[in-house]
Amino acid sequence: MMTIKNTFGVMLFAGLSAVQMNAQAVPVYDQGGNRLHLDGRVLGRHFFSQNKAMSGDAVIARINLWAETDINDQMYGYSRFEHDFRANKAESEPGEDYTRYAYVGLSAREYGYFDYGRNDSIFYDVVRWTDIFPVWGAGSFAIDNFLARRGSGSFSYHNRDFFSLVKGLEAGIQFQGKKEGNTPVLKQNGNGYGLSLTYKIPETGLTVGGSYIRSSRTDAQKKLSPGRGDNMDAWVAGANLEHGPFYAAALYSESRNLSQVRSSPLNIYGFANKAKSFEAVASWNTPLGFTASAGYIQSRAERLESIGQAWLDKAWVFFAAWPFNDNFRITTEYKMSLLKDDNALRLASQDAVAVTMIYVF
């Protein structure tokens, strides 16, 4: 009987595709200083795992619209809208479609750019460096989780090259408004802010940086256990290196009330009072176009009520890809779990494989 690891071996070498694709967006409108472009993709994805909750169909169609308008010689406005459509349910079943991005902003050239809406969070200025895997990238940080990865109601400001004074230095600040109401409690947040600073060292290919975020917690979140206190705060530091066809990155983070803790067997639903996370990745684009990547993820919760320490995630991730052309590719991604079956939170410990055919336009 073929195990999940053997299945991965067969799929890895059967034919796979490149991580990135540079297909040109379709110009819908370009006149009078106004530009509108359309791009998208269809992902024919299937998961294989002995964990039945993870295994199965996961087909997605994605549409992305982005636009710019010239205001004067120094300023232009911009916006983006990106939406996912799920196709893994019957037509009569409720859908799980969702908006990934929806924001509008203003760029003042060397003075920076700011925008408001649903966008990447300020923490992601550093976390993005290890987020190179389509499925299990940046596994230590959840989406719609305060200011960790991607979220709504955020006002952001970034300045590249620090007002043209220091080449490679980028600073950012972000504010997020309170969100509760009908939002699931783990996805809620109070008012918050974040800061980031990254520096690409000239002529080295090396970039270093860090970010800090802090938010108040909602009344519903304060009632959760685990997870005590009125606030969430976290910091992350990392580095990445680009050298020809090679890429490598690593980050370390510590947080309070940021990492989600969920365990159905133990009826636990809350946040880690403290968590420590480490991620490292490496990738190689071969001369033949084949891309091979590997990464390590670990996230550990501390000070959990009645438990103490517990792994939230611990795994190796392997990715391989092969582009047939600029518009079509096949990828496979393998998560080899390092969690023991009797881990403290009784989290699923099975390996998983995601195989995807992608058409990009």
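## Legends for views of the predicted model

**View 1. Histidine 37 within its strand.** Histidine 37 lies in strand S2, which covers residues 34–49; strands (E, at least two residues) and helices (H or I, at least four) are DSSP runs numbered from the N terminus. This is a predicted model, in which local features need pLDDT of at least 70, side-chain atom pairs count only at pLDDT 80 or more, and totals for chains, interfaces and linings use all residues. Residues are numbered from 1 along each chain as its sequence is written, and side-chain values use heavy atoms, with hydrogens and water left out.

**View 2. The fold around the strand.** The protein contains four helices and 20 strands. Its radius of gyration, taken over C-alpha atoms, is 21 Å, close to the 21 Å that the globule rule (2.2 Å times the number of residues to the power 0.38) gives for 361 residues, so the protein is as compact as a globular protein of that length. The C-alpha atoms fill a box of roughly 60 × 50 × 50 Å, taken along the principal axes.

**View 3. Burial and contacts across the protein.** Of the 361 residues, 46% count as buried. Among contacts between residues at least 6 apart in sequence, 58% join residues at least 24 apart.

Technical notes. Buried means under 20% relative accessible area, exposed over 50%, partly exposed in between (1.4 Å probe, protein chains only). Contact means heavy atoms within 4.5 Å.
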